Amino acid sequence: MPRVVVKENETIDDAMRRFKRQVNNSGVLAAARAKEYYVKPGVKRRLKSEAARKKNRKRR
């Protein structure tokens, strides 16, 4: 779990920005969204394939 210690003379906004960045980089929210509801294995496979295709299209 990400933890941020507020430094001396640091604003709350700056500390929140650091915390949000740490949460985003650690993948906590992505894991929570993935476990939000059950996805059947076939559907999960299809979504993964679609995401890979979309990612490849963006690279070109």
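A salt bridge is a side-chain nitrogen of Lys or Arg within 4 Å of a carboxyl oxygen of Asp or Glu. By this rule the structure has 3 salt bridges. The model is predicted, so local features need pLDDT of at least 70 and side-chain atom pairs count only at pLDDT 80 or more, while totals for chains, interfaces and linings use all residues. Residues are numbered from 1 along each chain as its sequence is written, and side-chain values use heavy atoms, with hydrogens and water left out.

Start with the segment before helix H1. Helices here are DSSP runs (H or I, at least four residues), and strands are runs too (E, at least two); both are numbered from the N terminus. Helix H1 covers 12-26. Val6 sits in the segment before H1.

Val6 has 44% relative accessibility, so Val6 counts as partly exposed. Lys7 is exposed because its relative accessible area is 53%. Asn9 is exposed too, at 78%. The backbone of Asn9 deserves a look: Asn9 has a positive phi of about 65° although it is not a glycine.

Now move on to H1. Helix H1 has 15 residues. From its first C-alpha to its last, H1 reaches 21 Å, close to the 21 Å expected at 1.5 Å a residue. The expected span is 1.5 Å times one less than the number of residues. Just after H1 comes Gly27, with a positive phi of about 85°.

Glu10 is buried, because its relative accessible area is 18%. Asp14 meets Arg17 in a salt bridge of 2.9 Å, N to O. Asp14 and Arg17 are 3 residues apart in helix H1, so about one helical turn separates them. An α-helix has 3.6 residues a turn, so residues three or four places apart point the same way. Asp14 is partly exposed, with a relative accessible area of 32%. Arg17 is partly exposed at 47%.

The surface has a nonpolar patch. Val6, Ile12 and Met16 form it, with about 280 Å² of accessible area together. Patches are made of residues with over 30% relative accessible area and no salt bridge; like charges are joined within 9 Å, and nonpolar side chains (Val, Leu, Ile, Met, Phe, Trp, Tyr) within 5 Å. Accessible areas come from the Shrake-Rupley method with a 1.4 Å probe, and for residues only the protein chains shown count as cover.

Helix H2 spans 28-34, and Tyr38 lies in the loop between H2 and H3. Tyr38 is exposed, with a relative accessible area of 66%. Tyr38 and Lys48 are 10 residues apart along the chain, and their C-alpha atoms are separated by 15 Å. Lys7 and Leu47 are 40 residues apart in sequence and 42 Å apart in space, C-alpha to C-alpha.

Helix H3 runs over residues 41-59. Where is a salt bridge found here? The side chains of Glu50 and Arg46 meet at 3.7 Å, N to O. These two are 4 residues apart in H3, so about one helical turn lies between them. Glu50 is partly exposed at 36% relative accessible area, and Arg46 is partly exposed at 48%.

End with charge. Arg53, Lys54, Arg57 and Lys58 form a positive surface patch. Lys and Arg count as positive and Asp and Glu as negative; His and the chain ends are not counted. The place of a charge is taken as NZ of Lys, CZ of Arg, CG of Asp or CD of Glu. Arg53 is found in helix H3. At 48% relative accessibility, Arg53 counts as partly exposed.

Definitions and conventions. Buried means under 20% relative accessible area, exposed over 50%, partly exposed in between (1.4 Å probe, protein chains only).
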